[in-house]
Each structure stands twice: as C-alpha cells, then as structure tokens.
Amino acid sequence: MIRQPSRRSLLLGATAAAGTAMLGGCDRLGEPEWFRRTLKTGEDANLFVQRLLLTERTLAPEYAEADISPWFKPNGTEDPPDKAYKTLARRKFADYRLEIGGLVETPLKLSLAELRRLPSRTQITRHDCVEGWSAIGQWTGVPLADLLGQAKLKPEARYVVFHCADTMDQGEDDGADAANDGDPGGQEAGGNANPAMTKQSGGGEDKRDSGGQQAADAEPASEPVRYYESIDLVDAFHPQTILAYEMNGKPLPLANGAPLRLRVERNLGYKQAKYVMRIEVVESFAGIGEGKGGYWEDQGYAWYAGI
C-alpha cells in the first residue's frame, strides 16, 4: 500500500526544495532586484502552502501548566522610552484606551477594564523566536475575532495593523530627544531611541505618539519610528489569536508587553506585537512605514512568518 505523505512532510519538502534551489547559487546571486523578487515569491509560496495544508482553525500545540517555562525571555523592547507610555504605566494603565479603527463600521475605544470584562480565552503555547530560542507561557486575553466582530469590518478590509507604543528610532528631526525624557546620556535626535532593543534598525512609521494616544503631559516626539505589525484576516480570526493582558495567571509584565500584546500562535515571535495601542483595519499596508507590513519586515524579515 502506498503511504500518503503527511501535511508536515509536504510542507517541509516544499520548503526544503525552495531553499536548496535558492542557496545553491547564493554567493553568485548577491542582491539584484530580480533575486529579491524571487525571495518574495518564495515567501508567497510558503504562505500558499501553509494556507493549503492547514485549515483556518487548525490550532497550534497547547501545553500543560507543568510545561510552562520558569522564565519567559522579554525579547525586544523591555521598557518603552516613550513619554506617553511611561505616563500610562505610572497610572497602572487606568487611562489606557485601545483604539480600533480604519475599515470598520463601528470604531471602538476600550479601556483595559472593559477589555477584561469581555469573554476571554486562556491558552498555554510555545513562543518560537527567529533568533533560535523558545519558551512556553500561559496567556489570557480577549479573542481578536470578537473585537473585530464588534467593530464590523467593511467589505474591502484585508489586513489588521497593530500600532505599538515602543519607539524604535527617534527620526531625523533637529529638535530635542523627547523619547529619552531629557536624559543627557540618551541617543541624539536621529539616532536609535530604544536602547533596550535586542536589535536596532531604522525604518518608517506612523507619526502619532504612542500609536495614537498622547498623554496630557507628554511632549510630541519628532517623527518617531514606532513598532508596528500586521496580519491578514485568516490569522486575525483564528481562535488562538488573542490580545493578551495576562501572562502565567498575572497581569502582563511591562517587559512582556503590558498592557496588551498580540498572540498569534501559528507565527514566529516578531509577529507577536507588544505594547499594542491602536488597531487599524486596512485594505493594503503599502502606505504604512516602509510598506512591508511590519517594523522588522521593513528591515528585510519575511512578512509571513507562519510555523
């Protein structure tokens, strides 16, 4: 009897074949425009294969409480330097409001308390980082699908963009370094404004402070580059895609993304946006940042990071 290949073997085979073909001539190819287009085609093929082999409701593995890692590495930003964020944190996020807008019929603005009163989901999942480490944590939060259902998407909606509080780069203004809160040891304007980042790079981003929220006593930053990320509607409506406000049964720590972080469990770690301030539903993300769909995507990472 001929054994039918599993979904996993088909996916791995397709990925390996593409990788072998690419890497064989990598040194000679360099980075001409046509080669970058070919890499993009490979990313699109990965997305196609994943969507073909996995149903929209196929779950990422979930674990038992005994499997929870004793320490969950707070990769990326650990304490956003943004003044408005620091003001919100000092008040334990009592003034925090999650904004949901863009291509929706009913824009929303929800406090953390209101989010906590909505139906929640708790899941224990593994976080896989592109840097090679992983950790298992328990997350509790509101399903993104429920929020998008309340907001009522317009027919042309295609992607969900998460605008975050953490300033990655200050920008190119000649003014004072607002993001360093007057610290004389901070980066000068135009330099990197986030020394807590594990990696640092440039890129473009939405200009509104804290992804749309401006604390009353905060000075507006000069063209800041803030973290952002995006997913399509398949991942947005997946049952394990939640906006988490608790980690391991306690309020989400600052270092892990308080007050709210995205968990999209079938994707690599850099898609799990922390410090979410504003959600924007769009038809295309071409006009946001560098137009690649996320902060690290603007630096060359793949937009689709399915695992």
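User: Which salt bridge does arginine 266 form, and how far apart are the closest N and O atoms?

Analyst: Start with the idea. Side chains of opposite charge can pair when their charged atoms come close. The rule here asks for a side-chain nitrogen of Lys or Arg within 4 Å of a carboxyl oxygen of Asp or Glu. Arginine 266 meets that rule with aspartate 235, at 3.8 Å between the closest N and O atoms. The two sit in distant parts of the chain, 31 residues apart: arginine 266 in the loop between strand E9 (261-263) and strand E10 (276-282), aspartate 235 in helix H7 (residues 233-236). Helices (H or I, at least four residues) and strands (E, at least two) are DSSP runs, numbered from the N terminus.

Keep the source in mind. This is a predicted model, in which local features need pLDDT of at least 70 and side-chain atom pairs count only at pLDDT 80 or more, while totals for chains, interfaces and linings use all residues. Residues are numbered from 1 along each chain as its sequence is written, and side-chain values use heavy atoms, with hydrogens and water left out.

User: Is arginine 266 buried or exposed, and what about aspartate 235?

Analyst: Read burial from relative accessible area: buried is under 20%, exposed is over 50%, and partly exposed is in between (1.4 Å probe, protein chains only). Both arginine 266 and aspartate 235 are buried.

User: How many salt bridges does the rule count?

Analyst: The count is 12. Among them is the pair of aspartate 79 and lysine 86, at 3.5 Å from N to O. Aspartate 79 is partly exposed, because its relative accessible area is 38%. Lysine 86 has 25%, so it is partly exposed too. Another bridge joins arginine 278 and glutamate 280, at 3.8 Å from N to O. Arginine 278 is at 7% relative accessibility, so it counts as buried. Bridges with shared partners also join Glu229, Lys271 and Glu297 into one network.

User: How many aromatic pairs are there?

Analyst: A pair of aromatic rings is described by the distance of the centres and the angle of the planes. Rings of Phe, Tyr and Trp (its six-membered ring) pair if their centres lie within 6.5 Å; planes under 30 degrees apart are stacked, over 60 edge-to-face, the rest tilted. The count comes to 11 aromatic pairs. One of them, phenylalanine 72 with tryptophan 139, is edge-to-face, with 5.3 Å between centres and 90° between planes. Phenylalanine 72 is in the loop between helix H3 (33-53) and helix H4 (83-90) and tryptophan 139 in strand E4 (residues 134-143), so the pair ties together parts 67 residues apart in sequence. Phenylalanine 72 and tryptophan 139 are buried.

User: Why is the pair of phenylalanine 285 and tryptophan 303 tilted?

Analyst: The planes of phenylalanine 285 and tryptophan 303 stand at 35°, with centres 5.7 Å apart, so the pair is tilted. Phenylalanine 285 lies in the loop between E10 and H8, and tryptophan 303 in the segment after H8; the pair therefore ties together parts 18 residues apart in sequence. Phenylalanine 285 and tryptophan 303 are buried. Elsewhere, ring pairs link Tyr227, Tyr270, Tyr295, Trp296 and Tyr301 into a cluster.

User: Which residues have the most contacts inside the largest nonpolar core?

Analyst: A nonpolar core is a set of buried Ala, Val, Leu, Ile, Met, Phe, Trp, Tyr and Cys residues joined through side-chain atoms within 4.5 Å. The largest has 60 residues, and Leu98, Leu115, Phe162, Leu243 and Ile279 have the most contacts inside it. Strand E5 (residues 159-169) gives the most to this core, with 6 residues. Take leucine 243: leaving out residues up to four places away in sequence, its contacts (heavy atoms within 4.5 Å) include Leu98, Phe162 and Ile279.
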